[in-house]
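Reader: Please show me the model, and then let us go through it by question and answer.

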Amino acid sequence: MLDRRDFVGRLLKDRGDLMVLTGLGTATFDVAAQGDNPLNFYIWSGMGCTAMVGLGLALARPDRRVAVITGDGDVLMALGSLATIGSQQPKNLSIVCIDNAVYAATGMQPTATGTACDLAATARSCGFTQVMAPTDIAEADTLRPLLHSGQGPLFIHARVGTQKHERIIPTRDGYGMKYRFLEASGKRS
Amino acid sequence: MAHAQDQSSQANGSHADWPDRIHAVFKKFNVRQVGHVPDTGHTRLISLCAQDNEITDVVLTSEAEGPGLVLGATLGGERAALLMQSSGVGNCINTFSILQNCGAPIVLIVTMRGEFNDFNPWQRPMGKMTEETLKLCGFHVYRVDEEKDVEPVLVAACYMAFGGNFQVAVLLSQRMINRMPGAH
């Protein structure tokens, strides 16, 4: 089983101008633990919406790369959005699903990925062009370039263990994040 | 596409041009992404957006996906609108919250169900709740009952949403849309 924080850290190494969106839950803490960045956008409500925020951003910014880093709970809550993304075929969008098969933030209750649902297979059937399911931490180094230049839509299904990590809680100011994101990406009007 | 437009005109009981006027307002305000779950009343507008090279139309599997699309467009510097029927509003209550939390502007156009001559009376509960639900979700809500008001109300909605980063909904009355029996 991969260590989630180590995996996310390796994926985001030398990230450059990669735009990163995180979903409600532990994935936000994993990304924040790598250091805050104005091109990070942490979503704190509307569970299930993260992948779609990624789609809207990827469509608006075909000149940039977008990575959604989120958990299995967030993806499961809106499985249909994988089909929506597959239909649109955004070449610049990657979804990284950190799948620990539990709702870690609410007391480790099991999710459907531990028993029934293979999210990699789901993404494949929804039209994602590249689907990877790393099992060794070293694979993060070969997946990293795909976030920057791979032909999407890309889905990285990372099954991880349930190791506990420090909760690094970043800003929860939605307006502030919006403006700093637009500023950092040259769109502040 | 022409076939779909013909069906829409028949469903509307006339060759109503309010969808064309909404599309023209979208162009005037540089709306670049339009997400939708189909509705008979929206058929022509969806078709106009799909044919427009400057608009990316996104077919959603659930209306609940729409607010995410809108926030993403906002972060990318684009303006977005959503089209749905009143039943879809209920699907969005939680995801609407991201728009309010981040000051992401949206123009939401809702075709009403369950309020006038709807062949399916089960549409009534959600139709009756739609306006109040949107207000509770932080939307400024306009209602349009007459075709002549479609364009000025849409213009006002766009000025308010995109000028002030607000969430604005426009409800199109079922009587105005003049839904044919059996239409969904």
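Reader: At which residue does α7(B) bend?
Author: This is a predicted model, in which local features need pLDDT of at least 70, side-chain atom pairs count only at pLDDT 80 or more, and totals for chains, interfaces and linings use all residues. Residues are numbered from 1 along each chain as its sequence is written, while chains are lettered from A and ligands numbered from 1 in the order in which they are written. Helices (H or I, at least four residues) and strands (E, at least two) are DSSP runs, numbered from the N terminus, and the bend at a residue is the angle between axes fitted to the seven residues ending there and the seven starting there. By that definition α7(B) bends by about 45°, and the residue in question is B:Thr130.

Reader: How far apart are the end C-alpha atoms of helix α7 of chain B?
Author: The expected span of a helix is 1.5 Å times one less than its number of residues. For the 13 residues of α7 (residues 124-136) of chain B this should give 18 Å, which agrees with the distance between its end C-alpha atoms, 19 Å.

Reader: Which residues in α7(B) are buried?
Author: A residue is buried if 20 or more other C-beta atoms lie within 10 Å of its own, exposed if 12 or fewer, and partly exposed in between, with C-beta atoms placed from the backbone. The buried residues of α7(B) pack against α5 (86-91), β4 (106-111), β5 (140-144) and β6 (167-172) of chain B, contact meaning that two C-beta atoms, placed from the backbone, lie within 7 Å. The buried residues are B:Gly127, B:Thr130 and B:Leu134.

Reader: Which residue just after α7(B) takes a positive phi, and what is its value?
Author: The residue just after α7(B) with a positive phi is B:Gly138, and the value is about 95°.
Phi is also positive at B:Asn165, a residue other than glycine, which lies in the loop between α8 (150-164) and β6 of chain B. B:Asn165 is partly exposed, with 16 other C-beta atoms within 10 Å. To return to the value asked for, phi of B:Gly138 is about 95°.

Reader: Which element supplies the largest share of the side of chain B that touches chain A?
Author: In this interface 29 residues of chain B are in contact with 29 residues of chain A. On the side of chain B, β2 (56-59), α4 (66-75) and α6 (93-102) each supply at least two residues. The largest share, nine residues, comes from α4(B).

Reader: Is A:Asp14 buried or exposed?
Author: A:Asp14 is found in the loop between α1 (4-11) and β1 (19-22) of chain A, and has a positive phi of about 50° although it is not a glycine. With 7 other C-beta atoms within 10 Å, A:Asp14 is exposed.

Reader: Which peptide bond is cis, with omega near 0°?
Author: The proline concerned, A:Pro153, lies in the loop between α7 (139-149) and β8 (154-159) of chain A. The cis bond runs from A:Gly152 to A:Pro153.

Reader: What percentage of the residues of chain B count as buried?
Author: The secondary structure of chain B comes to nine helices and six strands. Of its 184 residues, the share that counts as buried is 52%.
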